[in-house]
Number of protein chains: 2
Amino acid sequence: MTEVKALIITIGDELLIGQVIDTNSAWIAQQLNQIGIAVVERRSVGDSREQILAVLKEAETIAPIVLITGGLGPTADDITKPVMCEYFGGSMVMHEPTLAHITRIFEEILKKPMIERNRQQALVPSSCTVLMNEKGTAPGMMFEKNNTIYISMPGVPTEMKWLMQQHVLPMLPKKYELGAFLHKTLLTAGIGESFLAEEIESVETALPNNCKLAYLPNYGMVRLRLSVYDKNHAAAESLLNNWFNKLKTAVMPYLVADEDIPIYIALTRLLQSKNATVSTAESCTGGYMAHLLTSQPGSSASFKGSIIAYDNEVKHSELGVSYEVLQEHGAVSQPVVEQMAKAVREKMKTTYSIAVSGIMGPDGGTEEKPVGTVWMAVASENKCVSKKVQLRYNRQLNIEATANQAIHMLQRLIVDNPS
Amino acid sequence: MTEVKALIITIGDELLIGQVIDTNSAWIAQQLNQIGIAVVERRSVGDSREQILAVLKEAETIAPIVLITGGLGPTADDITKPVMCEYFGGSMVMHEPTLAHITRIFEEILKKPMIERNRQQALVPSSCTVLMNEKGTAPGMMFEKNNTIYISMPGVPTEMKWLMQQHVLPMLPKKYELGAFLHKTLLTAGIGESFLAEEIESVETALPNNCKLAYLPNYGMVRLRLSVYDKNHAAAESLLNNWFNKLKTAVMPYLVADEDIPIYIALTRLLQSKNATVSTAESCTGGYMAHLLTSQPGSSASFKGSIIAYDNEVKHSELGVSYEVLQEHGAVSQPVVEQMAKAVREKMKTTYSIAVSGIMGPDGGTEEKPVGTVWMAVASENKCVSKKVQLRYNRQLNIEATANQAIHMLQRLIVDNPS
């Protein structure tokens, strides 16, 4: 694959001590891929003059396009701008349109007096082309040196994304002849990575050189990503579709979605295609399923509400689980989740419901019900199905895995019982 | 600062096309920092022989400790192991303890026949020292070359973390003379980054050379991180505590927590210190507040449950919001959130409650109530306080910011009304 290459550099001590997780790089890489630019490497360096100078210098040997985020704030630890000025030459000058923009933000939106520190955010190296940042106070900057383009953006995700969408992504296709670098993803569930590999071996070994297959396992689900590069967009698309369909046929028994979406979006779409609705009754997931099912715009068409019954008293008062059942079977049991699923479905007047109760850990396990024991149930008007699973992750991943598996369970119920 | 340095390398095409977010690096960096090793750079490269060879070669010029994750799975796209064998020398040999371990996993846990692909996971370069991976099928490997240690681990977070904790973190202090690289963090709310910088300017400018201050803004909150390096652990600790206390005094009016915890953990601790409990009634956050408040072990001591009333019908049936009020004021209004807060607190029999209703976007806004309009209320036995905020982020960040601000609002209510 010989597409146009890019390097992503993220600057900030917080990335090197692990205080923040770098989500910017993944987003930037996705966007570049969609216009046929391949990120070949990512580097993170600290707020250090020497490190920033070294990575700027080496960048031109890696890729002709260099995207940089971070280190542009108003405080003393943000040194990227003066270091850029040192590397690319020129002197620091006031960028009047940015100054006017910052002044307006303070006067009209923040309604606070502006201080010298804010004014200085409008200073830029005279060697750069400014990319106006209407979403914040730190301007984007573009430099060129030795046939390499360097674009520096603030690390605040909303500002970086705005600059990418307004300035960078429209500009790059005009500067470079971009081929097509296309991907499609299948989401599978219910089969492990190595067994899935056996199922699709004949397709995988027959893939042409400019097609690449990747396995992305994730707690009981595996995503399969097929990538194609070709100078010609139509050729790439046709090649990708051809092999994608072969793959899809090979994994059909395990297929959840034929696009790169999480399972809760697959469920939401399935529900909305049937004008159906869902509610949840959650103990151990503590609202996480409801959060997933309301994370997309338009969720209110399929999601009505939830009872989060973390406490047994709430399971009784809000979901009608009897004290006798709680006493006899415990909160993590088949009769409890089935009652929870039926009760919330009736209360919220929804087509379907999901209920879970389990022990997420690290404490609370017993010999009989160790940490990771989860009962889950899904209900429709005339069916209520339940099962027990045994998870082996940490608390956070147990919560995620429980939500994913319970959502998958409802998806299977709907698919297997077409009305 | 002249501490022992490390480089983190993550391998995988999925990182370069942005399909997964790299959370491993942040975790590894945190762990290394705690034992006095400073990560000076992070690099991500693709599943490509040339790229992996290049970064392995350059690594020795960057740091004496190189931690590598990813590319060790059982499928064809995982090529790290043969490339390591090529770079460090030797041939691929069967590691019998790993083979026995994999065989046991298949026989006892997965209860599936083992295939050749799984058997091959026990092959390792003869030039490595194997780090047994009891959490999975891909072994960890350690190599030495030109006074540099290379440690290769699988990319699955639970397996990588186990290898770090069992093998790597106990070993490194024995090999290197590690000084102390210490950090402490303050969480503030209610003041912007540049104004906070003015408040603490006299402290910041007086900081000694081996003390470093960083600002980490995050949607209405700013974390201040103070870092200190010293060869001597006691000296580092005393220096850090001394300056940390000065900083803390300077930011007192805005202080939420004097450690690096999110605000929902600060609230949970505050509640538990008072033997108090909380419930939530959520419309626009769709269960996200409940999720945050149940994310920590032991949450059940302070969190009882929630009503997620996404649909107006549920606000009426479960929280007693009258149709007249909904009609007259709309779902996003002061009387609605106050009723929600009062009703859920009574239903769940909790000391406090939090309620929110808003328009998270991108659709659903009106002239009078644009996207980002949120009403929030917090209630105690004899007080119910509410306020309106106007957010300007995207849907996901609006949900996060709403949850954080509403949780902060309850924290203020409790702190300002000591019982």
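Helices (H or I, at least four residues) and strands (E, at least two) are DSSP runs, numbered from the N terminus. The structure described here is a predicted model, in which local features need pLDDT of at least 70 and side-chain atom pairs count only at pLDDT 80 or more, while totals for chains, interfaces and linings use all residues; side-chain values use heavy atoms, with hydrogens and water left out. Residues are numbered from 1 along each chain as its sequence is written, and chains are lettered from A, with ligands numbered from 1, in the order in which they are written.

B:Asn146, although not a glycine, has a positive phi of about 45 degrees. B:Asn147 lies in the loop between strand 7 and strand 8 of chain B, and its phi, also positive, is near 60 degrees. Most residues other than glycine have a negative phi, and most peptide bonds are trans.

Domain bounds, which come from an automatic or database domain assignment, divide chain A into domain 1 (4-175), domain 2 (182-257) and domain 3 (263-416). The C-alpha centres of domain 1 and domain 3 of chain A are 44 Å apart.

Within chain A, A:Thr137 occupies the loop between strand 6 (129-131) and strand 7 (140-145). Leaving aside residues up to four places away in sequence, A:Thr137 is in contact (heavy atoms within 4.5 Å) with A:Thr98, A:Ile102, A:Ile105, A:Gln121 and A:Glu159. The side chains of A:Thr137 and A:Gln121 are joined by a polar contact of 2.6 Å. Such a contact is a pair of N or O atoms within 3.5 Å; within protein, one must be able to donate a hydrogen and the other to accept it, and residues adjacent in sequence count only if both atoms are side-chain atoms.

The contact between the chains involves 91 residues from chain A and 90 residues from chain B. About 7400 Å² is buried between them, 54% of it from carbon and sulfur atoms, buried area being the accessible area (1.4 Å probe) that two parts lose on being put together, summed over both. Across this interface, 36 residue pairs are in polar contact, both residues being at pLDDT 80 or more.

The structure holds 36 salt bridges over all chains, each defined as a side-chain nitrogen of Lys or Arg within 4 Å of a carboxyl oxygen of Asp or Glu. Twelve salt bridges are found across the interface of chain B and chain A. One of them links B:Asp311 with A:Lys304, with the closest N and O atoms 3.4 Å apart. B:Glu201 and A:Arg117 also meet in a salt bridge (3.6 Å, N to O). Because B:Glu201 lies in helix 9 (residues 201-206) of chain B and A:Arg117 in helix 6 (residues 116-119) of chain A, this pair joins two chains.

Strand 14 (residues 303-309) of chain A pairs in the antiparallel sense with strand 14 (residues 303-309) of chain B over five bridges, pairing requiring that DSSP find at least two bridges between two strands. A:Ser306 has B:Ile308, in strand 14 of chain B, as its bridge partner.
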